[in-house]
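Please examine the sequence and the structure displayed here before reading on.

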Amino acid sequence: MAVQFSSTQRAVAVGVASAGLLIGAFTLGAGQGSATADTRITVTGTGKVSGAPNQLALSMGVQTNGTSVAAALRQANSAVRSITAVLRRSGVAAPDVQTSGLSIYPNYSGSSGVPDGYQVSEQLTITLRRLSVAGSQISAAAHAGGNATVINGVSLNLSDTSALLASARARAVADAKAKATAYARALGRPLGPVVSMSETPAAQPYPVPEFAAPTASRAVGSVPVHPGNQQLSVTITVIFALG
């Protein structure tokens, strides 16, 4: 037997069905969202270690002036050869002396637009691997370059950071786990396994060495070099499951 509904009855039936679907969808979404939020915890961990630098990178060179490019370049080449020879005699290996720059500029003293001389600059990057004698090597190099010597700066470095980084990573993991355990305990939940972990590279601070840059008139004796310590830092983000 066919059953007929009035237009009013059909509208009520459709409205009830739609409301049921909306309530079901809302309940399912809320259940999924709360399950995700309640079963994971995200923390960061940091590990820091310190190590003593074992090598020094020296940026130095020469700067000369002459009435011609050839004259200025000849003086600069001679000064660089003297510096290189002194460094080699002091025990610096040939691969540790690298040419890093060369520039030639005209000098002007008036408004004629005609250069009255030329300036030549030659730069070297030198790696000194024995800090115990690095001060005397710097002094000897500065003295060899004479009044043309220019020292742009130094940096103290760790040649191998693998062991220190491994220690810093272990400390970062321990720090993250301790934080997560404390939070889980406060929530009254057991700490579960690691869901994911990522490492954030951090800038490494380098201390400024405490010594005075030598000049031709002061390059007598050994330049004092204080290696100090360098700190390496590792930061990780870890997501743990909660039991």
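Which residues make a nonpolar surface patch of about 240 Å²? The patch is made by Val69, Leu102 and Ile104. Patches consist of residues with over 30% relative accessible area and no salt bridge, like charges being joined within 9 Å and nonpolar side chains (Val, Leu, Ile, Met, Phe, Trp, Tyr) within 5 Å. Leu102, found in strand β3 (residues 97-107), is exposed, with a relative accessible area of 57%. Buried denotes under 20% relative accessible area, exposed over 50%, and partly exposed the range in between (1.4 Å probe, protein chains only).

The model is predicted: local features need pLDDT of at least 70, side-chain atom pairs count only at pLDDT 80 or more, and totals for chains, interfaces and linings use all residues. Residues are numbered from 1 along each chain as its sequence is written, and side-chain values use heavy atoms, with hydrogens and water left out.

The protein contains four helices and seven strands, in the order α-β-β-α-β-β-α-β-α-β-β from the N terminus. These elements are DSSP runs numbered from the N terminus, helices being H or I of at least four residues and strands E of at least two. Of the 243 residues, 29% count as buried. The accessible surface comes to about 14,400 Å², of which 58% belongs to carbon and sulfur atoms; such areas come from the Shrake-Rupley method with a 1.4 Å probe, and for residues only the protein chains shown count as cover.

Helix α4 (residues 162-187) has 26 residues and reaches 38 Å from its first C-alpha to its last, close to the 38 Å expected at 1.5 Å a residue; the expected span is 1.5 Å times one less than the number of residues. Within α4, Ala168, Ala172, Ala176, Ala180 and Ala184 are buried. The cover over the buried residues of α4 includes β1 (40-51), β6 (191-200) and β7 (230-242). Gly45 lies in strand β1 and counts as buried at 0% relative accessibility. Leaving aside neighbours within four places in sequence, Gly45 is in contact (heavy atoms within 4.5 Å) with Ala172, Asp175, Ala176, Val234, Thr235 and Ile236. Just after α4, Gly188 takes a positive phi of about 75°.

The structure holds three salt bridges, each defined by a side-chain nitrogen of Lys or Arg within 4 Å of a carboxyl oxygen of Asp or Glu. Side chains of opposite charge can pair when their charged atoms come close. Arg129 pairs with Asp96, the closest N and O atoms being 2.9 Å apart. Here, Arg129 in the loop between β4 and α3 is linked to Asp96 in the loop between α2 and β3, 33 residues apart. Asp96 counts as buried at 10% relative accessibility. Arg169 forms a salt bridge with Glu199, again described by closest N and O atoms 2.9 Å apart. The Asp175 and Lys179 side chains meet in a salt bridge (3.5 Å, N to O), and both residues lie in helix α4, four residues apart, about one turn of the helix.
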